[in-house]
Amino acid sequence: MQGAAANDKNREALGRSRGGLTGKIHLLADSGCRPLARVTSAGHRHDSLAFAPLMGRLKIARRGPGRPRTRPGRVLGDKAYSSAAIRVHLRRRTIKATIPEPADQVKNRLRRGSKGGRPPAFDAAAYKQRNVVERAFCQLRQHRAVATRYDKRDFIWRGTIDVASIRIWLRHPVP
C-alpha cells in the first residue's frame, strides 16, 4: 500500500514552495524559441536535478536524412545549473557550456587559493542569447491551461504542454 501511495505522489508533480502548491517546467528550446524537450517536476525540487533527464530527451532533427542529433553545439543555462556534475556531463559529451558561476561558488573557489582551480569558461556574448528560453516560456504561458495548471495529474499537464508546444511549432516552422 505504501508503494501505491508513493507512486500517486510522483504522478502529481506538485510541491510546496513560497507560492503554495506548484509545479515546474524544465525546458530546452532552440534559437527560434521553439520547445525541443521538456521535463516537469514538483515546485520545490531544484532545477539542476532535472538537467540529466532533460538532456536525455533532447532530439534535434537533421535537415537531411539520418537519425536526430542528441548533442547541441552549446548549452546556455542560468546560475541554477552551475554545478560540477553538470559541467562534467557537458564536457564528456563535448558540449560547450555557457553557465555563469554564482557568487558563493566564486567566493569558495577564491578562498581555496591555487587549489580552487581556474574559473569555468564563460562567454558573455553568447549568454545574451539566453533570453530565447524565457521567450519560449512566454509562448507556452500564452496557453491558459499551461499557465494556470488546473490539472492535478502530471501526465495530463504534460499533455497540455505538448499540445501547446505543437501549436508553437505549427505557428513558427523551421525555415
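Residues are numbered from 1 along each chain as its sequence is written. In this predicted model, local features need pLDDT of at least 70 and side-chain atom pairs count only at pLDDT 80 or more, while totals for chains, interfaces and linings use all residues, and side-chain values use heavy atoms, with hydrogens and water left out.

**Exercise 1.** Determine which residues of helix α3 are buried and which elements cover them.

Step 1. Helices are DSSP runs of H or I with at least four residues, strands are runs of E with at least two, and both are numbered from the N terminus. Helix α3 spans residues 84–92.

Step 2. Buried means under 20% relative accessible area, exposed over 50%, and partly exposed in between, with a 1.4 Å probe and protein chains only. In α3 the buried residues are Ile86, Arg87 and Leu90. Their arc around the axis is only 100 degrees, so they lie on the same side of α3; the arc is taken from the directions from the helix axis to the C-beta atoms.

Step 3. Ala84, Ala85, Arg91 and Arg92 are exposed on the other side of α3.

Step 4. The cover over the buried residues includes α2 (51–57), β4 (74–76) and β5 (96–98).

**Exercise 2.** Classify Ser165 as buried or exposed, and list its contacts beyond four places in sequence.

Step 1. Ser165 belongs to helix α8, residues 154–171. Its relative accessibility is 11%, so Ser165 counts as buried.

Step 2. Contact means heavy atoms within 4.5 Å. With neighbours within four places in sequence left aside, Ser165 contacts Pro35 and Leu140.

**Exercise 3.** Count the aromatic pairs and describe the one formed by Phe51 and Tyr81.

Step 1. Rings of Phe, Tyr and Trp (its six-membered ring) pair if their centres lie within 6.5 Å; planes under 30 degrees apart are stacked, over 60 edge-to-face, and the rest tilted. The count is 2 aromatic pairs.

Step 2. Phe51 and Tyr81 are tilted, with 6.0 Å centre to centre and 55 degrees between the planes. Phe51 is in helix α2 and Tyr81 in the loop between β4 and α3, so the pair ties together parts 30 residues apart in sequence.

Step 3. Phe51 and Tyr81 are both buried.

**Exercise 4.** Find which ring lies under Arg34 and which under the charged end of Arg149.

Step 1. A charge sits over a ring if NZ of Lys or CZ of Arg is within 6 Å of the ring centre and within 35 degrees of the ring normal.

Step 2. Arg34 lies over the face of Trp169, 4.8 Å from the ring centre. The charged end of Arg149 is over the ring of Trp157, at 4.2 Å from its centre.
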